[in-house]
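My notebook for today is open. I want to jot down what I looked up, one item at a time.

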Amino acid sequence: MEMNFKIFRFDSEKDKEPYYSHYTVDAEPWERLLDCLNRIKWEQDGTLAFRMSCAHGVCGSDAMKINGRCALACQKLVKDYQGSEVVLEPLPTFKVLKDLIVDLTPFFERVEWVRPYLIAAGFPEKERLQSPEERKKVDEVIRCILCASCVGACPVSNENDKYIGPAQIVQAFRRIFDSRDQEKTERLKQLDYPDGVWACVNYFECTRACPKEIPVTKSINKIKREIEKLLR
Amino acid sequence: MIFKHDVVIVGTGLAGLRAALEVADEYDVAVISKVYPTRSHSGAAQGGIGASLGNEEPDSWEWHMYDTVKGGDYLTDQDAAETLAKDAPRAIYELEHMGVPFNRTDEGKIAQRAFGGHTRDFGAAPIKRACYAADRTGRVILDTLSSEASRRGIRVYSEFNLVDLLMDKGRAVGLAAYELATGEVHVFHARAILLATGGFGKVYKTTSNCFANTGDGVYLAYRAGIPLQDMEFVQFHPTGIYGLGVLISEAARGEGGVLRNREGRRFMEDYAPTIKDLAPRDMVSRAIITEIRGKRGIDGRDFVNLDLTHLGKQKIEERLSDISSFAKIYVGVDTSTDPIPVSPTCHYMMGGIPTDVDGKVLDMNNTAIHGLYAAGECACISVHGANRLGCNSLLDLVVFGRRAGKMIRLDLEQADWPDLIVNPEVKSLIKLKGILNRNAGEKAVHIRNALQTLMTKNCSVFRDEKGLRRALDELSTLKARYENVVIDDRGKAFNTDIMEAAELESLLGLAEAILVSALARKESRGAHFREDYPERDDANWLKHTLIQRTDEGRRVFYKPVNITRFEPKARTY
Ligand SMILES: Cc1cc2nc3c(=O)[nH]c(=O)nc-3n(C[C@H](O)[C@H](O)[C@H](O)COP(=O)(O)OP(=O)(O)OC[C@H]3O[C@@H](n4cnc5c(N)ncnc54)[C@H](O)[C@@H]3O)c2cc1C
Ligand code: SF4
Ligand code: FES
């Protein structure tokens with residue numbers, strides 16, 4: 001079937017203003033939107049720039065705005081977009097570098113800021129023990145692929161560039177609720193400020209956008225409750 | 001620009017990162033990668049990482065070593081397999097200490113599950129040896145190592161593509177890399193270089209591999225005159241989602257899933273009576289193709305079914321949720337009620353850059369090349385022989401990545417700074433400008449599609465002389481066409497167009513190495529099955545293939561297999 005695309009274009013080397021390009025490609029209903037993008041790039045217009053790698057929703061490279069919603073192009077199928085033109089735009093809140101490629105440096109810097117690693121002293125001879133119930137607490141958040149869809153979708157992140165961001169809180173959650181981590185209190189204190197967890201006002205847009213179905217908002221709220229329980 | 005670091009590591013998969021962590025405390029180490037570290041394809045690994053922890057049932061490293069050797073159809077170097085199996089428990093505990101969120105047993109230990117070709121008591125029955133975190137094992141190990149790397153302040157150059165390996169007087173002196181954001185070619189001058197660029201499944205049409213897996217590190221080593229080892233051994237994973245190649249992990253069968261043909265029959269009972277669906281991948285892939293050729297594919301078509309419906313919703317949710325979501329998203333299948341249509345997909349390269357067990361790259365005389373190391377899927381130690389077992393790759397990455405790091409540390413105590421060659425970036429600039437300034441010609445996509453089709457048709461699960469010769473002929477035409485490759489993008493920022501054209505050179509060169517090695521080996525062993533030579537022939541072929549580009553042309557030669565404990569025997573399961 002024929003698919004029509006309207007794609008955001010901007011190249012800081014030569015363009016003063018962004019504009020949109022229109023493309024038509026043949027695609028099978030079961031194909032991914034990423035397959036269409038590749039075909040456009042390979043066959044029609046090699047200047048179109050976007051990131052991608054795994055093509056099945058595990059590397060986090062190709063988050064973008066698809067018809068107004070943040071998502072991975074490799075997870076969306078042609079059959080669900082039949083009929084009207086598909087509009088592809090770069091992930092909001094981030095600076096556009098070229099076309100659909102945005103500058104993710106601040107995103108990764110903020111992830112680092114939450115210290116996304118286990119902090120625990122001492123190494124037993126074998127593994128540290130952890131019950132299946134304890135381990136289950138992080139089962140959902142370990143799915144995060146750092147795609148930044150949630151940040152792009154979050155109305156708060158879009159308005160307030162100081163907000164630490166949903167993905168970063170998910171990363172912090174993974175350590176806060178890991179029974180092996182010894183910095184729980186410090187980690188909670190770190191997020192306990194107006195632009196930390198308290199900036200979130202439950203729009204649930206992050207949860208809707210997350211391609212790995214992580215209950216992002218619920219996780220943020222769980223941290224808020226933990227702060228009230230342990231720090232107040 | 002010229003960057004100078006004691007150690008430069010190419011690749012931020014598990015192999016590259018684990019090596020980097022080993023040297024970071026003592027030396028200035030930088031890692032460069034095509035993609036952000038957490039986007040590396042190690043993150044796609046699903047099923048597990050093997051070690052004889054014995055957390056679920058008694059296990060021993062000897063059994064693990066035996067399985068690795070037999071799984072590799074006795075082409076495995078047994079000193080390497082011994083190192084792998086013995087060091088595995090330590091490596092897993094280390095990952096746990098770093099924070100990897102493994103699933104747990106009721107006692108709170110690391111949970112383990114069954115995987116293809118892993119057995120107890122030297123082949124008696126399947127054993128639970130794969131440690132796992134749901135079906136996202138690679139993802140969480142990659143997260144852990146990459147955040148550990150940033151915690152230690154390791155310098156990462158993301159979206160830098162290796163485009164040339166700089167060698168001088170038989171020594172590695174540096175490399176050239178293309179910075180995607182700016183279009184600049186930079187030179188990295190180093191005392192030690194480690195290649196950890198992963199696999200190159202993109203040589204084939206249908207693959208579980210990502211777009212970054214074009215094997216540039218392996219190809220550039222080959223281009224620099226370094227031999228490549230055992231390139232004919234290409235693993236086809238039995239269960240890729242039909243048509244797409246997206247992987248459905250062996251863990252699905254490890255948890256009890258079974259393959260069925262159009263009659264609903266569990267056909268693996270006919271091919272591997274003892275361990276059935278958990279036979280090694282080469283055997284299962286051949287069985288599937290044999291079923292399909294016998295018109296027993298589903299509806300007589302070219303796929304079979306992977307049936308998980310009897311596992312129950314809870315097990316699927318807890319242990320196989322990612323693959324279930326792939327089935328749902330890409331083929332609309334609910335795995336708890338319907339089977340997944342699957343067929344073999346190109347998955348893993350057993351061959352690659354020859355190294356010793358400490359990551360040192362070996363030249364044609366089997367002596368170490370000064371300053372050059374390799375680890376991970378791009379290397380061939382050879383610990384996987386003619387066929388890798390599931391959950392042995394992730395293990396290989398952390399065991400041999402660490403060993404390579406240790407060796408680099410040791411070597412750097414003495415290694416001086418090599419002189420950089422004059423105009424080190426010139427060769428890369430000429431090549432890239434050649435593409436950039438060409439006005440008429442053919443787009444990369446056509447050549448790449450033709451290459452992938454020709455490799456898939458002639459050099460997949462089954463091969464024969466006629467097909468391989470035809471493929472080599474066609475390949476030379478494609479190489480000629482590549483000389484006229486054109487691109488649209490003349491810009492500097494994020495010119496992925498030119499990088500994809502450059503990667504095509506890697507794919508073409510690696511296809512050559514695979515085809516020539518496959519044509520030369522006149523026997524069937526592991527993943528290399530020649531229909532015109534269907535038997536394994538230890539008398540003549542129990543040896544590693546090496547292929548090298550020299551001034552006089554391609555040269556194929558061989559070296560012996562290291563056999564210490566297990567004499568080759570017939571391989572039945
Ligand atoms: C879908 C899937 C599932 C798997 N599941 C399992 C499993 O459960 N258990 C198991 O043991 N194994 C599994 N494997 C195999 C295993 O994951 C891989 O063999 C392994 O991850 C390879 O790791 P690596 O570190 O060698 O390379 P990768 O993780 O592939 O990393 C390669 C790195 O090199 C970089 N690179 C490549 N070319 C260049 C260049 N030109 N310039 C700069 N950088 C470059 C890339 O950016 C990347 O950072 C699986 C493989 C796949 C595809
Ligand atoms: S929480 Fe979800 S949307 Fe946000 S970065 Fe992680 S995977 Fe992406
Ligand atoms: S390309 Fe990897 S998530 Fe889409």
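Predicted model: local features only at pLDDT ≥ 70, side-chain atom pairs only at ≥ 80, totals over all residues.

I began with Ser33(B): one of its polar side-chain atoms sits 2.8 Å from an oxygen atom of ligand 1. I count that as a polar contact, meaning a pair of N or O atoms within 3.5 Å; within protein, one must be able to donate a hydrogen and the other to accept it, and residues adjacent in sequence count only if both atoms are side-chain atoms. Glu377(B) has a side-chain N or O atom 2.6 Å from an oxygen atom of ligand 1. For Ala15(B), a polar backbone atom is 3.1 Å from a ligand 1 oxygen. On its own, ligand 1 exposes 1,000 Å², and the protein buries 98% of that. Such areas come from the Shrake-Rupley method with a 1.4 Å probe; for residues, only the protein chains shown count as cover.

Residues are numbered from 1 along each chain as written, chains are lettered from A and ligands numbered from 1 in written order, and side-chain values use heavy atoms, without hydrogens or water.

How many residues surround ligand 1? I found 38, where a residue is included if one of its heavy atoms lies within 4 Å. Asp216(B) and Leu162(B) are among the closest. In chain B, α1 (14-23), β7 (160-168), β14 (340-349) and α11 (393-412) each give at least two residues to this shell. Helices (H or I, at least four residues) and strands (E, at least two) are DSSP runs, numbered from the N terminus.

Next I looked at helix α5 (residues 216-223) of chain B. Is it enclosed or open? It is largely enclosed by the rest of the structure, because 7 of its 8 residues are buried. Buried means under 20% relative accessible area (1.4 Å probe, protein chains only), exposed over 50%, and partly exposed in between. Tyr219(B) and Leu220(B) are among the buried ones. After α5(B) comes Gly225(B), with a positive phi near 95°.

Last, I checked His189(B), which is in strand β9 (residues 185-195) of chain B. His189(B) is buried, at 9% relative accessible area. Its side chain reaches the backbone oxygen of Pro418(B) at 2.7 Å. Leaving aside neighbours within four places in sequence, its contacts (heavy atoms within 4.5 Å) include Phe3(B), Val173(B) and Trp417(B).
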